[in-house]
Amino acid sequence: WGAAVLLLLHVLMELSPAVNFTLRIGFYCLLCLVSSALTVPVCLLVNGGRTVKNMRIIKAVVRTFKYFFGLRFEVKGLENFEVEGPAIIVSNHQSILDMMGLMEILPDNCAQVGKKELMFAGSVGLVIYLGGVIFINRKSTSSAKMVMAEVAKTMATDNVKVWVYPEGTRNCTGDLLPFKKGAFHLAVQAQVPVIPVVYSSFTTFYNPKKNLFTSGKIKVEVLPPIETKDLTSDDVSDLTDRCFRTMRETLFRLSGRPS
């Protein structure tokens, strides 16, 4: 009966893109929940609680996910992470699959900024809490500003890098949404460099509107750091626009589409 069910599912996946998409997404979510539940006790035993050091363990686990889904990564520019002291890392945000791309290149001693709702995502929320993810309430501007102010202090005292998605939400259109300025205010306030990271568009192999989820290749490029020394709050808009233009041009180039 088990073999018959598997054969039926395989046939349905071949015949129906909707079934294929639903089953692959379902398996991805199940894989996240199960692997998170198994990783939580390891993080507690090795590091004793909430610390960005747990990201090494989480990274090792998540990097195996690509083999289940036939995804390949082509990475350039990792040497640009090798800056002394803290930095703000900004990247484009496309889908729930971004976690695999994030963990493929995540540098050591780097905390991510995520939406508060992730805390309640079962074992996934627990393991990323243990990994030192910084949660913000996107619905409360004042709360988000307070959190980011604390992040600036943490960067200075703990010498950590912080990973932010400046678009603020997922965007699977093959282009970039306008950037929010919070990450760039933070970089200027802390006088730390901004390191842009760009992932090629997923639209050739992943598109929820078309029920598309197949294997594919993702190109990743870590761009040279953009210095913020001697910049002030008056320069934040120019810094944001400069980063947006550079990342958008890189996104189009990596995705093989004209600017």
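Mentor: In helix α3 the buried residues are M55, I57, I58, K59 and V62, where buried means under 20% relative accessible area with a 1.4 Å probe and protein chains only. This is a predicted model, in which local features need pLDDT of at least 70 and side-chain atom pairs count only at pLDDT 80 or more, while totals for chains, interfaces and linings use all residues. Residues are numbered from 1 along each chain as its sequence is written, and side-chain values use heavy atoms, leaving out hydrogens and water.

Trainee: What do the buried residues of α3 pack against?

Mentor: They pack against α2, α4, α5, β3 (110-115) and α6, and contact here means heavy atoms within 4.5 Å. Helices are DSSP runs of H or I with at least four residues, strands are runs of E with at least two, and both are numbered from the N terminus.

Trainee: Why is α3 called oblique to α5?

Mentor: The axes of α3 (residues 55-62) and α5 (residues 98-105) come within 9 Å and cross at roughly 120°. That angle makes α3 oblique to α5, because angles under 35 degrees count as roughly parallel, over 145 as roughly antiparallel, 65 to 115 as roughly perpendicular and the rest as oblique.

Trainee: Which residues of α3 and α5 meet?

Mentor: From α3, M55, I58, K59 and V62 meet M99, M100, M103, E104 and I105 of α5. By class, this contact has 7 nonpolar, no polar and 2 charged residues, with Ala, Val, Leu, Ile, Met, Phe, Trp, Tyr, Cys and Pro counted as nonpolar, Asp, Glu, Lys and Arg as charged, and the others, Gly among them, as polar.

Trainee: Why does K219 count as partly exposed?

Mentor: K219, which is found in strand β9 (residues 216-222), has 28% relative accessibility and therefore counts as partly exposed, the class in between buried and exposed, the latter being over 50%. Leaving aside neighbours within four places in sequence, K219 is in contact with E74, V198, Y199, S200 and L254. K219 and E74 are 145 residues apart in sequence, yet 4.7 Å apart in space, C-alpha to C-alpha.

Trainee: What makes a set of residues a nonpolar core?

Mentor: The members are buried Ala, Val, Leu, Ile, Met, Phe, Trp, Tyr and Cys residues joined through side-chain atoms within 4.5 Å. The largest nonpolar core has 44 residues, of which M100, W163 and V197 touch the most other members. Helix α2 gives the most to this core, with 7 residues, and a second, separate core of 34 residues includes V113, I134, A152 and I226.

How values were computed
Axes fitted to C-alpha atoms, helices over the stretch in contact; angles between N-to-C directions.
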